[in-house]
Amino acid sequence: MRKIVHRHLGKVVAGAAIAVAGTAVMVGITLPGSAGADEQGGQAAGQSAQQAGQAGQQGQAAAQPGVVEQAPAEGEKGTGRDPLTDDETKRVAQIAVNQQFFGSSENVEGRRGPQRVGVDLAEQDENALAGANAPRRADVRFYDYKDDTLVTKTVNLDSGKVEQTDTQHGVQPPISSDEAVEAARLLIADPLGAGLKADFKDATGKELTSPDQLLLNSMVYRATSGARPAVLAQCGDHRCVRLFPKVKNGPWIDSRDLVVDLSARKVGKLG
């Protein structure tokens, strides 16, 4: 079932997932004809079907209900090339932001402190010890909205120290969830968000006032040569995002022609 609503932004599409279950049924058929081999074959088929049905019933009776087991407790520290634990992720993020970095940077909301956009286990150093004895390192990535830079800090989990800092301009990693929420907030408050709000009301009968009412997918937008409108011309150097919002428990809303420049805190519409 598909419902399409055309208004302002274009389309609100609701899709219904269809599950198809197939059941095999064994049927014994005796064809008309003279008695003999055909009749015996029909009887044998009927007996085989009956036996298969009895076996199936016995199997169902023997089947036990499924049991959901609790996931094993996660340790504070991983070993070797194990993925970072939650404790390790939290710890390296705190180590990576010292007082000087915090005071000189700005997050997506315009407040002090860099915007964290990712934490991953660092690539193995070829010169490092192999196996379980190799130091565990993490790369913590921040986007500093004060000067549009991507800052990557490599933290040694064993020593608790920052071993390397790399700063890049014009590099745009995937949009974090916090950035997508802020982009939606800016879009809802902007006049260009009127179509989004109208489509949301068409789908739900309610007013759209907060990003919390949406499920958000996003992607980085980079301006092409001669991009229009001019407000989006710096996207790529600026942190810009296209949103793909979905009503919670409802349809997707097409907003592909709208781009939010998070660095300039402005919204533009693609022609």
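## Basis of the model

Residues are numbered from 1 along each chain as its sequence is written. Because the model is predicted, local features need pLDDT of at least 70 and side-chain atom pairs count only at pLDDT 80 or more, while totals for chains, interfaces and linings use all residues, and side-chain values rest on heavy atoms, without hydrogens and water.

## Aromatic pairs

A search of the whole structure finds 2 aromatic pairs (ring centres of Phe, Tyr or the six-membered ring of Trp within 6.5 Å; planes under 30 degrees apart are stacked, over 60 edge-to-face, the rest tilted). Phe101 and Phe142 pair edge-to-face, at 5.6 Å centre to centre and with 85° between the planes. Since Phe101 belongs to helix 3 (residues 99–104) and Phe142 to strand 4 (residues 137–144), the pair ties together parts 41 residues apart in sequence; helices (H or I, at least four residues) and strands (E, at least two) are DSSP runs numbered from the N terminus. Both Phe101 and Phe142 are buried, meaning under 20% relative accessible area, with exposed over 50% and partly exposed in between (1.4 Å probe, protein chains only).

The rings of Tyr143 and Tyr145 have centres 4.9 Å apart and planes at 65°, so this pair is edge-to-face. Tyr143 is buried at 1% relative accessible area, and Tyr145 is buried at 5%.

## Charges over rings

Lys153 lies over the face of Phe101, 4.9 Å from the ring centre, and the charged end of Arg239 sits over the ring of Tyr143, 5.0 Å from its centre (NZ of Lys or CZ of Arg within 6 Å of the ring centre and within 35 degrees of the ring normal).
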